[in-house]
Amino acid sequence: FTVPWVRAAFCDWLRQMRGCSDAILCNSATTESELRAYAVRQGWTLPPTGNFRLGGDPLPNLQQPVRASLQALAASEPGFYATVGSIEPKKNHAMLVDAFEQLWARGHTLPLVVAGRCTAECALVIARMKKLAAQGRPLFLVSDANDSEIAFLYRHARALVLPSLFEGFGLPLVEARTQGCAVFASDIPSFRELADAGVRLFDRRDTQHLAELLAAHATGALVLARAPMLPFTWQQSAQQCLDQIRHLLRDGIVAP
């Protein structure tokens, strides 16, 4: 999912980090599992490893302006679906656009808001989204969303859609669910680790299945829990991180 030099630099960093660390702490059980599997393939012996969960504080009522186009979408029928995250290869935006094109071809008028920083690696899919918008399709690309607008999307979207091919954690899923937003997410280990009753997993390569799920959700045939996920705050995350460090380094090595 990255250019070759990034992969080479990261693999070299990982090799050096392994050799000079007393322990390795990962940002999810999925990441720890991937690390250990990679070490086996490389023939490495790892120091003790562990993991802790990243935090997601309840979003405050921010005072930044929310652009009029988003407010209009929230006030209109049939509402809108959204995805949040930088537009890069692993996020699988092309599959998401394919699914919505299927829906629009069937006569559905469901709007899609794509909020995320554009990257050069996805120039073709970005150009495709802009062309669809120019042709009158209900697709809204927001590459400069502020914090208030991201919170607005979580609070007003019919659901968040996350078709990622791979993630180490999944912060938008957690942020959305703590706001009571339903989530459709690809069936990958990190999302399975976080999913609750408000999350519906789907095959990250089955465009037709995703389109069918969204159509069923839009018509009320498929209902996902809207009750918010209990927040796991950054303070709790920090405490879990410290507890893991103490455990991995045998109590007493790290000052309290």
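Predicted model: local features only at pLDDT ≥ 70, side-chain atom pairs only at ≥ 80, totals over all residues.
The strands considered here form an open sheet of six, which follow one another in the order β5-β4-β3-β6-β7-β8 and pair in the parallel sense. At the edges of this sheet lie β5 (139–142) and β8 (199–202), each of which pairs on one side only, and from one strand to the next the twist averages 20°. Within the sheet, strand β6 (residues 159–162) is joined to strand β7 (residues 183–186) by parallel pairing over three bridges, and Val161 has Phe184 of β7 as its bridge partner. Helix α9 (residues 207–219) lies across four of these strands, namely β3 (81–84), β6, β7 and β8, and runs at about 155° to β8.

Helix α7 (residues 171–178) is largely enclosed by the rest of the structure, because seven of its eight residues are buried, a term that requires a relative accessible area under 20%. The buried residues of α7 are Pro172, Leu173, Val174, Glu175, Ala176, Arg177 and Thr178. These buried residues pack against the strands β3, β6, β7 and β8, as well as against the helices α6 (147–156) and α8 (189–194). Just after α7, the backbone at Gly180 adopts a positive phi of about 80°.

The largest pocket holds about 1,100 Å³ of space. Its lining consists of 27 residues, of which Phe1, Thr2, Phe10, Leu14 and Phe166 are the closest to the centre of the pocket. Both α1 (4–20) and α2 (29–42) supply at least two residues of this lining, and α1 gives the most, with seven residues.

Most residues other than glycine have a negative phi, and most peptide bonds are trans. The peptide bond that joins Glu77 and Pro78, however, is cis, with an omega of about 10°, and Pro78 is found in the loop between α3 (68–75) and β3. Asn92, a residue other than glycine, has a positive phi, near 65°, and is placed in the loop between β3 and α4 (93–105). The relative accessible area of Asn92 is 11%, and Asn92 therefore counts as buried, since the cut-off for that term is under 20%.

Key:
Residues numbered from 1 in each chain as written. Heavy atoms only, no water. 1 Å grid on protein atoms, 1.4 Å probe; cavity = no way out; pocket = protein on both sides within 12 Å on 5 of 7 lines; lining within 4 Å. Points joined across faces, edges and corners; volume = space filled by probe spheres on them. Helix = DSSP H or I, 4+ residues; strand = E, 2+ residues; numbered from the N terminus. Pairing = 2+ DSSP bridges. Axes fitted to C-alpha atoms, helices over the stretch in contact; angles between N-to-C directions. Contact = heavy atoms within 4.5 Å. Buried < 20%, exposed > 50% of the residue type's maximum accessible area, 1.4 Å probe, protein only.
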